[in-house]
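Here is a short note for a colleague who is opening this structure for the first time. Please read the points alongside the model.

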Amino acid sequence: MTKLSALFTVAFFVLVHSAYSQEISPSALFDNAQGIKQENVVFYNLEGYTVFVMDYKYNFDEKGFKKLKQKINIPKKALVTDDKEIPNIKIINSTSELGEATLYSKHFISETDNGKMKVVGFSSLSDRDSVIENTFYKSIIDNTIPENVYTPMVIDSIEFANRYIKLGPVCQWRETRSVQCPYRGQINWSEFQSKKRAEQMIEGQMAVNADLNMGVILEEKEIDVIFEGQPATAIKRKFRIKLPKLVMGGSNILYIYYLVAEVRGTYVACVMSHYDIDAAEGKLPALLSEVMELK
């Protein structure tokens, strides 16, 4: 299986000021978090943030920070600053324009016992929330994240909005909370306490996908669906990838569904996709059918 670290060019998918109150309990964040551990890196998904934790063999000095920026694609102009709330760390805030969307990133950098760097990076397409960032960062550093947050690399079942879905080992993690099953589709999702931030994430992902040079949107429309047993509205796109069908393995037409829904006490921002050969016209392939029905 391709490692997650090869699929993340460090962290994918944001930061601006937030809608949360002054405090949030770590346990509330854990409810909406998922983590995947690898040998040298740990990835998390929570509240629209993609988070990674990794040690780098760069010295904790100006030269080392320059090398780190180059390694993980932080803009050169981004400043290395101190954090008033968390002592003994350095912070790099940065933004990247992805078409009409903005990717906000924040990297916490601490010095290891041997004078090198430990980096905890947050990225999101929703508004920045410093309370979420600081609270979850402290939980990582204090090693207080419960084991039930982590999911195995080899898939047996996935936890989707407080419900377990049996899938089996044919499916693979493409990122944290992004699962793909050959000829059965792919689902990417994040779970939120805030409906506004869930909607911002979907809007951002739609903007990013629309700006990709890999293809063109052939059709876009709103449709009524049943999502996790309740009525919802999704935006359906028909997307043609520029590469020939032969190169793509039989199809270059991709259907993508975007939606936000409240499910079992949490807001879910979900992107579902499949190639046209994965299901008959007007139908959904097996993976997408686990969470959604077409009306």
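**Notes on Asn 45 and the cysteines**

1. Asn 45 is buried, at 5% relative accessibility. Buried means under 20% relative accessible area, exposed over 50% and partly exposed in between, with a 1.4 Å probe and protein chains only.

2. The model is predicted: local features need pLDDT of at least 70, side-chain atom pairs count only at pLDDT 80 or more, and totals for chains, interfaces and linings use all residues. Residues are numbered from 1 along each chain as its sequence is written, and side-chain values use heavy atoms, leaving out hydrogens and water.

3. Asn 45 sits in strand 2, residues 41-46. Strands are DSSP runs (E, at least two residues), numbered from the N terminus.

4. Two polar contacts involve the Asn 45 side chain. One goes to the side chain of Arg 177, at 3.2 Å. Another goes to the side chain of Ser 190, at 2.9 Å. A polar contact is a pair of N or O atoms within 3.5 Å; within protein, one must be able to donate a hydrogen and the other to accept it, and residues adjacent in sequence count only if both atoms are side-chain atoms.

5. How many disulfides does the structure hold? It holds one. Cys 171 and Cys 181 form a disulfide, with sulfur atoms 1.9 Å apart (the cut-off is a pair of cysteine sulfur atoms within 2.5 Å). The link of Cys 171 and Cys 181 is right-handed, with 105° about the S-S bond.

Terms used. Helices (H or I, at least four residues) and strands (E, at least two) are DSSP runs, numbered from the N terminus.
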